[in-house]
Amino acid sequence: MPPISNLNTADKNLVTRRSAILGLGGLGVFGVLGARLYQLQVLQAENYRTLSDNNRFNFNMLLPERGIIRDRFGMPLAYNRQNFRLVMIPERASDVNKTLDRVSAISPLSDLQRRRIDKDIRQNPNFVPILIKDNVDWETFTALNMRLHALPGIVAEAGQGRAYPENGVFSHVLGYIGRAGDKDIASDNDPLLKQPTFRIGKTGIEAATEKRLRGASGKLKVEVNARGRIVREWPDPETRATPGQDVWLTLDAELQEFAAKQFATEDEGDDSGGVCVVDVITGELRTLLSMPTFDSNLFVSGLTQSDMDRMNSDPKRPQFNKAIAGGYPPASTFKMVVMLAALESGLIDPAGEVFCSGKVKLGNRDFHCWKRRGHGRMDMRDALKQSCDTYFYEVAEVIGNDAIAGVARRLGLGQSYDISLRGAITGIVPTDGWKRERLGTGWRTGDTYNVSIGQGFVLATPLQLAVMTARIANTLDAIVPNLVINQTLPKFEPLDFDPAHLAFVRDAMWSVTSEPGGTAYRPQPFGSEFAVSGIEMAGKTGTGQVRGISKAERLQGIRQNSKLPWKLRDHSIFVGFAPYDRPRFAIGTIVEHGGSGAVRAANISRAILGEALRRDGLGAPGNSESKALD
Amino acid sequence: MFTRSGLVRNSSPSQGGGLASKLYEIYWLLPTLAGVLGLVGVIMIFAATDGVWRLGALQHFLRVGFAGLIMLGVALINIRVWYRLAYPIYLIALALLIGVEFVGVEINGSKRWLDLGITRLQPSEIMKPAIALALARYYHDLPSDKVSHILGLIGALILLALPMSLILRQPDLGTTLLLGTTGVAMVYLAGISWRVISLASIFAVVAIPLFYVYGLKPYQRARVETFFDPSRDPTGASYHITQSKIALGSGGVSGKGFMRGTQRQGEYVPENRTDFIFTVIGEEFGLVGGLLTMGLYMSLIGVCIWLSVQCKDMFAKLLILGLTTTFTLYIFINLAMVMGMAPVVGVPLPLISYGGTVILAVMGGFGLILSAHLHRGVELPRSG
């Protein structure tokens, strides 16, 4: 046994020795591993920290808050309001279609919306929230919230939406916003446009002042995981989005609203038409209204097909901005142009009289005066006061169409103004050249006759009529209308008419509204409080024919407008300014198929002008600023 | 200190004695260190799963506790029993490996598991302690002058080659190499002459390239190739190593703080609950945490070697050292892989990585080590 035991001891020592060698080797390996760890975590740490940051950080675009559109007193006309929206995160939805069907049962989704949602889901990674419905009303929102447990993947969240609080009276001016289309993206390389929740101005001021309203995108540092999902946000004040600037309009919200109310009728809804109130000195538009209106909010929340159909089939064309894009024959309101042209030509003596028998024969055609029995003897002032057509036929024939057209242009007709709104038309001031180009036939005296009473080829918008009136009232400057308040006041060209001639025209316009026998005579046009302050107005009525009047009709005794179908009634037109002696505001009003200009348009204009003066601190002692200062 | 107390105890308890006194005599430093590492695992799995107990940390805790009980049970069983069971256990493990070959469950393209209904068993894990038992028994029985003899060598090689070839077929390159290295280490420890060692080394130089070309599956070769040239496939296989290195490197000296690892939060390192858990340690606790963890492992290994020195029998010594080698290799391969020094092979960090079988196998192994030490006074039969 001893040898075995010896052997055992020898073995033992051998094993111990060899295990010591192995152990040392193991220690060495641990040393190498420790050194490697040191290399990674100390020597190269900076490098790996950068790599780690590159891994985790992404920059998400922050959307700027859109600027607010305000009226001249700062009242918001378009602002951002928290709204409720539904989004879906497709990866959390077990069955996307079934979930959407359930949502649809509570808050209907149109086929168009479904297609848009499907497209968005296809084009984005499935953890990106897809907008299902924007501007969900509170009731639907709560109803959906209660059923969220049955709608996997649906998230109800609060976002920013555009709101237009002034129930539609600014719709034509403001326009609306929407998601950028392919064309917008092609013409504007701002990456904001590609953001699915970003909205840009589509029409109106929203589109025209887009650059100011939009602001600039910011960056948000976000930590993302290996699959790109956001783990954490790292807000940094330096990279916040720059909010858009506010845009202040020259408009007076309350006056605009007041104006809109004047278009209401007892039985036929709102009358159709347009009205502009312009500051005679500065050219600032206080009112720019097209009636009837529509609700811009509908465009924000997504128009339904039935809304669209209703709007498109309405004969009063609510979407059409008649104030700047509606061309109407100015009718008798054009007579100031002819009158001024006559005075400027030096060919006509304003005291000279023309005998009106009710019609003038030109070749084998009769040109009628609106007063069938005729006005009798008329001088220039009386002719305007009573709107005698015959007088203007005669005068126009003497001075010729070119003189009229020249003055018309200098008064602002036949051209469009840059008031930051798209769609303004130039209207028409017809000349020989224009007619040849357009119709291929030469100018005839009959055309001059028609032009002299603002009919025939002449077309003007309510805005142009207001500008024309404002220039007459201003005397010196060829004012140009403006809608957006800018840093600098616009500089105007001189008007360059003989001030005495303009004074004569204004006096004649005063007689229209202020002398018995004038077509728009009212003893107290703005109510009693203005009579006290001695504030008077001047103006001119117009009745635009929309149809030829046949001989037979004339013989039968014609024109009971209110008995005609709406579409065949005359346009009612009025232009005016006030106060007469110290003009502040000029107005141009057209009521489509509103009948005689002496009634509908004149009433509306008087009310609006009176309100404009009142709001400007004139007239009413209670509201007067000067009173407050005393 | 330990020597003296060991010697003092040596006189009476070696013959067995009561259960309580046996429990008292267990070398408690070893279970304590293993338990501490298990708790490190619980904490790091908790972090890796973003603070959700039920995603692994809780299970790991329970498993460590359960495996700890198994360890104590194994430790209390007389070393004679383990000596006698050495070959049967090896044969059972071999049978299970053959079973895997025929009725194994395939996951991710490799057949490594047997479905037992309640749980899945990975026989290759059982083979790790089994091969240590078998080789320890083999060399215990083999007279020392036969160790370097060709016949003695062939016996050991057969014991080793059978399970290795079966595991390589699963395929599981990591475990195969681990098993082979353990075997080679044991043969070396058994006292094989340096002459044979040098011959074997020359043979290995020739054999390894041949094995690489003919013995490996294409995906295994791809892993090795990516390791040597990470730019070959930056988003595919090398992604794992790259992200792992970023996690460790960005941790720096003191780490990003517990639960603050951004690589972890961003889920950039796959498998960071299991094989790549060291990246969580390195990222959140930095070099300090990494070295402390390695220090714990080194202490554990040192304790094991120290226990082997105290044993007299060849069987006990080789068993302890064989098991310790396996355990150490786990750590080396895993850390080298995580630090980008070895190709990605599926080797967990023992006691810390999530995974039931590994904990059971490792703790069972520690049980055997404790048993060998506890019963170091027991005489084992020795032939020849």
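At roughly what angle do the axes of helix α6 (residues 123–141) of chain B and helix α15 (residues 356–374) of chain B cross? They cross at roughly 15 degrees and come within 9 Å, where axes are lines fitted to C-alpha atoms, for helices over the stretch in contact, and angles run from 0 to 180 degrees between N-to-C directions. This is a predicted model, in which local features need pLDDT of at least 70 and side-chain atom pairs count only at pLDDT 80 or more, while totals for chains, interfaces and linings use all residues. Residues are numbered from 1 along each chain as its sequence is written, and chains are lettered from A in the order in which they are written.

**Helix pair in chain B**
- Because of that angle, α6(B) is roughly parallel to α15(B) (angles under 35 degrees count as roughly parallel).
- The contact (C-beta atoms, placed from the backbone, within 7 Å) involves B:Glu125, B:Ile126, B:Lys128 and B:Pro129 of α6(B), together with residues of α15(B) including B:Thr357, B:Val358 and B:Leu368.

**Chain A against chain B**
- In chain A, 35 residues are in contact with 40 residues of chain B.
- On the side of chain A that touches chain B, α1 (2–43), α2 (45–56) and β8 (218–224) each supply at least two residues, and the largest share, 21 residues, comes from α1(A).

**A:Pro315**
- A:Pro315 lies in the loop between α12 (305–313) and α13 (322–325) of chain A, and this residue is exposed (12 or fewer other C-beta atoms within 10 Å of its own) because 9 lie within that distance.
- Although A:Pro315 and A:Lys567 are 252 residues apart in sequence, they are 8.6 Å apart in space, C-alpha to C-alpha.

Technical notes. Helices (H or I, at least four residues) and strands (E, at least two) are DSSP runs, numbered from the N terminus. Angles under 35 degrees count as roughly parallel, over 145 as roughly antiparallel, 65 to 115 as roughly perpendicular and the rest as oblique. Two residues are in contact if their C-beta atoms, placed from the backbone, lie within 7 Å. A residue is buried if 20 or more other C-beta atoms lie within 10 Å of its own, exposed if 12 or fewer, and partly exposed in between; C-beta atoms are placed from the backbone.
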